[in-house]
Amino acid sequence: MRAIWKGAIAFGLVNVPVKVYSATEDHDISLHQVHNADGGRIRYQRRCEVCSEVIDYSDIEKAYEEDGRTVILTKDELKSIPAENSHEIEVVQFVPSEQLEPMMFEKSYYLEPDSKSPKAYVLLRRALEDTDRVAIVQFALREKTRLGALRIKDDVLVLQSLLWPDEVREANFPALDTSIKISPQEREMSAALVESMAADFDPESFTDDYQVQLRTLIEAKLEQGESLDTEATFGVEAGEGGKGEVIDLMEALKRSLDKKRGGGAAAATGDSDEEEEEEEEPAKPARRASGARASSAAKSAESATTKSGTARSTTAKTTASKSTASKPAATKTSGTKAAASKTTAAKTAATKGTGTKTAAGKTTASKPAASKARKPA
């Protein structure tokens, strides 16, 4: 790396000489413009609007225009500004790191100790470590006075330039004033989706896919020339993207959770929910009196065909009592049979009316119970 600036950190009366290096670089593939007809390189020329001549960079000055008046500022005049000549990184405050707004961060620089004895450099680094704070500094770099944050990364002092407060725009959107109601189910579903995607940040696990695919395209173009087939190169149609906006928010959350969970657990949960709904379905109409009696009689009849004599006796008593409740005068054996038959028909109709799928089977099971009830009589 090559140092882009030299200066010193002013830490009270302590002076820390440093060299400044750019901590970041652009990894994008460099492309230039050409004429599509003949491939000729397109270059920009600094041409004067007055004399139409191409001007060398050394003959160019800067200017400011206001109300039709132009003020030309020469290089020497710009260098005469006191802040431009300063090579001091002045520490003005020590603040908690959480108070810094990430949106203000602009560019990062490594600071290397620039003296034979780096004791002052290590002392400042230890002071930041012990207090767990970030130093706010002011400095001038490349014809601009800057605000910065001085912190530690891997035992190296890092200077991060910050935007000035008036350079950060406020978010002023009408949509932010709109009242939106979020249901508890949507919040729970979104929280579950966040939890399913939770992980520790590992920047090495991410890749700039566009630059990788651009390199693939360039290499394929070098090999195949104008006969390049982009669909064969990338395996998808060129320009393939999203299919549209998902309107149903809950459906989108469910599909996202199914995708993160692999679909297996979600599918199993869905099946069990459907089974529970089917089991609970006959119980819902049980709020009606007729439906409750039909369900009770049907269950008693099923118990009579599978259990012992005690269960049969209980079923007979239940059938007889319900028959007596329907018609008190039916005390004889024939009357009991007729009442049981009518009661069975009524219960069968009630069971069908409530949507019971097995009404016919349960009605058939009730007949042997009624006939067996004649023996004790």
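Modeller: Let us begin with a term: a polar contact is a pair of N or O atoms within 3.5 Å, where, within protein, one atom must be able to donate a hydrogen and the other to accept it. Please keep in mind throughout that this is a predicted model.

Biologist: With which side chain does the side chain of Gln160 make a polar contact?

Modeller: Gln160 is found in strand E9, which covers residues 156-162. Leaving out residues up to four places away in sequence, Gln160 touches Phe105, Lys107, Ser108, Leu147, Gly148, Ala149 and Arg151. Among these neighbours, the partner whose side chain makes a polar contact with that of Gln160, at 2.6 Å, is Arg151.

Biologist: Is Gln160 buried or exposed?

Modeller: Buried means under 20% relative accessible area. Because the relative accessibility of Gln160 is 10%, this residue counts as buried.

Biologist: What distance does the polar contact between the side chains of Glu112 and Tyr21 have?

Modeller: Glu112 is found in strand E6, residues 105-113, and is partly exposed, with a relative accessible area of 33%. Setting aside neighbours within four places in sequence, Glu112 is in contact with Pro17, Val18, Lys19, Tyr21 and Tyr121. The side chains of Glu112 and Tyr21 are joined by a polar contact of 2.5 Å.

Biologist: How many residues apart are Glu106 and Arg146, which form a salt bridge?

Modeller: In this salt bridge the closest N and O atoms of Glu106 and Arg146 are 4.0 Å apart. The pair links distant parts of the chain, since Glu106 is in strand E6 and Arg146 in strand E8 (residues 145-153), and their separation is 40 residues.

Biologist: Why does the salt bridge between Glu167 and Lys144 tie together separate parts of the sequence, and how many residues apart are they?

Modeller: Glu167 and Lys144 form a salt bridge whose closest N and O atoms are 3.5 Å apart. Glu167 lies in the loop between E9 and helix H4 (184-196), whereas Lys144 lies in the loop between strand E7 (134-140) and E8, so the parts that the pair ties together are separated in sequence by 23 residues.

Biologist: Which residue follows helix H7?

Modeller: Helix H7 has 13 residues, 249-261, and reaches 18 Å from its first C-alpha to its last, close to the 18 Å expected at 1.5 Å a residue. After H7 comes a residue whose phi is positive, near 85°, and this residue is Gly262.

Methods:
Residues numbered from 1 in each chain as written. Predicted model: local features only at pLDDT ≥ 70, side-chain atom pairs only at ≥ 80, totals over all residues. Heavy atoms only, no water. Helix = DSSP H or I, 4+ residues; strand = E, 2+ residues; numbered from the N terminus. Expected span 1.5 Å × (residues − 1). Buried < 20%, exposed > 50% of the residue type's maximum accessible area, 1.4 Å probe, protein only. Contact = heavy atoms within 4.5 Å. Salt bridge = Lys/Arg side-chain N within 4 Å of Asp/Glu carboxyl O.
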